[in-house]
Amino acid sequence: MRRTPTCVLSDAAPPDVSNGHALDRFVEIGSLTKVVTGTALTRMAAAGVLALDDPVERWLPATPGTGITLRHLTQHTSGLPRLPPRLSRRDPYAEFDRPALHRLLNRLDAIATRSPGEQEEYSNLGYAILGEALAAAAGTSYEELVTEYVLRPLDLAEVTAHPDPSRRLPTPGRLGRPRRPWTMHGAILPAGGLWATPRAAADLVVRLLVERRLGEPAPTWQTVGPLRWHNGATRDASLFAGAMDDGRWVLIHRLNATPDDTDRAGIEILKQPRSAA
């Protein structure tokens, strides 16, 4: 059996760290990266750099006339499939670099499975394209633009695509050997390639959802009644983050755990009534 390092942070109790997890070591945050990307989009729109309803081809050499906008990409209503075509199984995103992404842009009409705005379908490919469009509009790299529009305004330093290897928390494999993470710093980065310490990921959630330091939360967040949430999963890491309208919040990060179990654990914490002061 492999260990399941677990870190739980919430408003309800002190941090709970077990089985070798750590508050100050960098871990993959998976699709919580999309929240950073979506927040950058809304901040850039507020600054007048771009508009939410800009068509993709305004910023990228994409097929004209598809009707796909930046808003569709951030809301998963672009009609694009969940994944880029022809991924490998061992390290699926290793060869999905910027040239590979650009080769897809001139056939978005053929790749799309339905018309934009018709139906929600979660799409990592859509967020890869969104991140590339934001970088084109900003005239910088993806990492530079999210630092400028999101991380620096939130005073977050421990979020990056390239953490110091000595500060990464390795996933324990069988016989104690660390498992190698997927390669996610290429074109897929805006969809799920950022790393963060758990304390920084928790600060991200609190400062965006509870304190509202950057205004209304980005449409990337999923909403169910009074709950805003997002999760994330890579080969070996899973995460759940959410906050209630009354200020309760939670972030759970686990290694060697199924995403569904991580989601359920986070929701159970948020179901607990708030303690009286």
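His-230 is located in strand E9, where helices (H or I, at least four residues) and strands (E, at least two) are DSSP runs numbered from the N terminus. The structure is a predicted model, in which local features need pLDDT of at least 70 and side-chain atom pairs count only at pLDDT 80 or more, while totals for chains, interfaces and linings use all residues. Residues are numbered from 1 along each chain as its sequence is written, and side-chain values use heavy atoms, with hydrogens and water left out.

With a relative accessible area of 1%, His-230 is buried; the term buried means under 20% relative accessible area, exposed over 50% and partly exposed in between (1.4 Å probe, protein chains only). Contact means heavy atoms within 4.5 Å. Not counting residues up to four places away in sequence, His-230 touches residues including Ser-31, Leu-32, Tyr-122, Trp-221 and Phe-240.

Strand E9 belongs to an open sheet of six strands, in the order E2-E1-E11-E10-E9-E8, with antiparallel pairing. Strands E2 (16-18) and E8 (222-224) stand at the edges with a single partner strand each, so one side of each has no neighbour in the sheet. From one strand to the next, the twist averages 15 degrees. Two strands pair if DSSP finds at least two bridges between them. E8 and E9 (residues 227-233) are joined in the antiparallel sense over three bridges, and Thr-223 has Arg-228 in E9 as its bridge partner.

Two helices contact this sheet. Helix H8 (residues 198-210) lies across E1, E9, E10 and E11, at about 150 degrees to E11. Helix H9 (residues 259-271) touches E1, E9, E10 and E11, and its direction makes about 25 degrees with that of E10. Axes are lines fitted to C-alpha atoms, for helices over the stretch in contact, and angles run from 0 to 180 degrees between N-to-C directions.

A nonpolar core is a set of buried Ala, Val, Leu, Ile, Met, Phe, Trp, Tyr and Cys residues joined through side-chain atoms within 4.5 Å. The largest has 66 residues, and Leu-32, Phe-96, Ile-129 and Leu-251 have the most contacts inside it. Helix H5 (residues 124-138) gives the most to this core, with nine residues. Another core, of seven residues, lies apart from it and includes Val-8 and Phe-240.
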